[in-house]
Amino acid sequence: MSTRQFVALCLVPLAIFALTFLALPLVRLVLASGEGEAGWGIYWQILHTPRYLTTLVQTVLVSVSVTIAALAVSTTAGLFLTRNRFRGRAVLLSILTLPLAFPGVVVGFMIILLGGRQGLFNAIFPGHGVFAYSIFGLFLGYLYFSIPRVLLTVMAAAEKIDPALEEAARTLGAPSHRVLRDVLIPALAPALVAAGAIAFATAMGAFGTAFTLATNIDVLPMVIYTEFTLSANIAMAAALSVLLGIVTWGMLFLARSFSGSTIAAGG
Amino acid sequence: MRIGKALQLAVTLLAAAFLLVPTIQSVLAGVTVNYFQGIRSGLTLEWIAVVWELYASSIFLSLGIALACLCVTLVIGVPAAYALARSPGRLSRAVEEFISLPLAIPGLALALALLQLYGSYKGFRMSPAFILVGHVLYTLPFMVRSVQSVLAAIDLRTLEEGAATLGAGPVRRFFDVVVPNALPGILAGALTVVTLSIGEFNLTWMLHTPFLKTLPVGLADSYASMRLEIASAYTLIFFVMIVPLLLAMQWASARAQRMSQ
Amino acid sequence: MTLTLRNIAKTYPGGTRALLPTDLDIAEGEIVSLLGPSGCGKTTLLRIIAGLETADAGAEIRFKDDDITHQPVERRKVGMVFQSYALFPNMSVRGNIGYGLKMQGLPRAQIDARVDEVIALCRLEPYAGRAITALSGGQRQRVALARAFAPRPRLLLLDEPLSALDAALRGQLRDELAALLRQFGITAIFVTHDQDEAMAIADRVAVMSQGRVAQIGTPEALYRAPQTAFVARFVGNSMPLGGRIEGSQLHLPGGTLALTAPSDGKAAFVRAEDVRLAEHGPLTARVTAVTFLGTHYRIALSGATEDTLFCLHQGQSAPKPGETVRLAIAPQSILILSPEKAAA
């Protein structure tokens, strides 16, 4: 067997698997979206049915807010942790990256423990501390799993910044807020765009957290789920899935072209 | 400057508290007799026992699927990563991009796609293999990338040429030179695959059957229908399984990354 | 002939011709160096001999009576030392050296015996059990040589074996490598861009330029009788004199030199050590720089030729920059060659 043949052979299992369980099902999904009463007009229908449109807008709004909040929190924490060495730093870092492996449902449960009827805040402010099942609870849930992802991306980029850049700015007389604005943020910009895109895409598609918290809130994954299971409106579920998939894939594609890699998992 | 630093520290600590406090709550709730009354009601392992009785099969199913998923991703992923590393180019990039789609497309959409195409094959639909397919789809890109990045960092072509001039054919070179030198990447990939498979919910929720519930599916079930202490105890068990795996995964990934620099 | 190469050429998919049709014969036990600047095709030729690259159609590679043109690399029984050594980091020194023997399917005891023998030969005993990463550059180089030699290859190929080492070590290991190769008594081909290295190690040197062998011969022959301007410059450090040849006379800006024979249409070259300061020499030049190099002075001169001319001057003192001096070059030390083509 020649080397070329062997290398080709190495791709065969992957090709079979990816074709059978990825390519064909995705094609089927796209076709299924056009098999309803409206045919391919279903995509037009999404934009003209108030319920779907509101869902779409609401999902985008929550995701954008989460993205902004996660960027603000994680950039602050990430820069602080990269630029300071102190006892307990490693522990702090572990705590901040721990939720990477939490499934969305567990994240939802964490928010219930904070803001549910038996939650921490309701125990401190009885009668006023229940927010877990509101849109704010959903926001917190998404923020919970976005913080570690954004943090890791920001820290990876911050560690690559040459400390001499900051020192040079200081020797030229720049005060720290100018150093941040003129040196650090520009150097971090690609990572911030990438991390933001990751946070946005993950929030758009997050099902587990919504499943636990958003029983009464219309966000895209929940609407897809109810269309499929309760209304048995297969075509609409498929069409919304295709739409969601294109949006999240597009965002992550953008992220990759900015930073080269994406941070793993969950949601 | 001082104020700025204090503010940064405050934000960092607040974020850590936000992530940590509920996990501690859940650990405590899982071993408290009555969470509503608090710790004063006493500590107990009773809830853990209840969880074990109710959900042991879910836990074992998840472990089984995670191991099976690991085997499949090793068999498919390691040779594929090698082939992709051996032939860099636009086609390889396209293949990589394509198999990474399950990271970009929400699990829900993927699960719908699988259900549309294979849902009517009852024997397959009702078997654990159906869930396994979903998990492999989702974890395979991690294995491929992890191995590929280590292989890209070593001078694979020259090492293989060295082995070839000493009389080793392609298969021998794969097992004698490629695999041993890719081990850090394989290890990091394997830990990632197992960690993600055990925690996978988005795909699994759509693919599972009432008789085949994985650990996270059981968790969702307990959150919806059990008292808080049981849900917490179950979450505690999940933490005990996942946290060491996560730490090991982070260690292995950092090690693989260090080696590939 | 042990190794016969006929019509070896290499054209890359883009149309770039890395190697023009080349013939080469190498005798049993001979050490041949392929010498040339980067991009001259020397490494391509070596890799084709190894079987790591395929030559264009029509090539023929024979080892004694065995046609190995189409044999895959793993069956050619050639040992190769790579520029980066390509030692397997997942195996120890012993593991690396024994790998080729293992591939031959030899029994454990025989492998061990041969590995011990080669380790002793290459004086690697203190490092035998070590990991590759725990070795210095020079030690790695010897392990790479031992690994290539252990399976008793028919031919040993070395691709820039010393270039990964720093300058101080390189000189020492060059002599060591030359001695080891002689001790092995093996037919060897090695590629280098360093003419000292080629001269020190090889029985014969093939000077390559722009995808072809410009001249092949013993180091002395190449140095004393270069056949092309390229060889004269690359091997002998000869300087083109320029000027204009009329009959047996060379007219230069600084004066006229006598040649041994009429050489119209040719070009003249000279080595720095053949340029002498002489009170009544035929050439006038101005000293632009003087470098003291211990055993001699290196004097840069302008005005004698169109470009700067160098003179290696042995003596207790040298002229100062700015002084005007007179030079002589003996007619028999002027090399008369065909003029260089533009890029050579």
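**Exercise 1. How far apart do the C-alpha centres of domain 1 of chain C and domain 2 of chain C lie?**

Solution. The model is predicted: local features need pLDDT of at least 70 and side-chain atom pairs count only at pLDDT 80 or more, while totals for chains, interfaces and linings use all residues. Residues are numbered from 1 along each chain as its sequence is written, with chains lettered from A and ligands numbered from 1 in the order in which they are written.

Step 1. Domain 1 of chain C spans 3-234 and domain 2 spans 239-337; such bounds come from an automatic or database domain assignment.

Step 2. The two C-alpha centres are 39 Å apart.

Step 3. Four residues from domain 1 of chain C and four residues from domain 2 of chain C make up the contact (C-beta atoms, placed from the backbone, within 7 Å).

Step 4. On the domain 1 side, three residues are nonpolar, one is polar and none is charged. Here Ala, Val, Leu, Ile, Met, Phe, Trp, Tyr, Cys and Pro count as nonpolar, Asp, Glu, Lys and Arg as charged, and the others, Gly among them, as polar.

**Exercise 2. Describe the fold of chain A.**

Solution. Step 1. Chain A has 12 helices and zero strands; helices (H or I, at least four residues) and strands (E, at least two) are DSSP runs, numbered from the N terminus.

Step 2. Along the principal axes, the C-alpha atoms of chain A fill a box of roughly 75 × 70 × 35 Å.

Step 3. Of its 267 residues, 51% count as buried (20 or more other C-beta atoms within 10 Å of the residue's own; exposed means 12 or fewer, partly exposed in between; C-beta atoms are placed from the backbone).

Step 4. Among contacts in chain A with a separation of 6 or more, 75% join residues 24 or more positions apart.

**Exercise 3. Which helix gives the most to the side of chain A that touches chain B?**

Solution. Step 1. The contact takes 66 residues from chain A and 63 residues from chain B.

Step 2. Helix 1 (residues 3-33) of chain A gives the most to the chain A side, with 17 residues.

Step 3. By class, that side holds 51 nonpolar, 14 polar and one charged residues.

**Exercise 4. Locate B:Leu112 within the largest nonpolar core.**

Solution. Step 1. This core has 287 residues; a nonpolar core is a set of buried Ala, Val, Leu, Ile, Met, Phe, Trp, Tyr and Cys residues joined through C-beta atoms within 7 Å.

Step 2. B:Leu112 is among the residues with the most contacts inside the core, as are A:Ile147 and C:Leu157.

Step 3. Leaving aside neighbours within four places in sequence, B:Leu112 is in contact with A:Leu29, A:Phe228, A:Ala237, A:Ala238, A:Ser241 and B:Met206.

Key
Contact = placed C-beta atoms within 7 Å.
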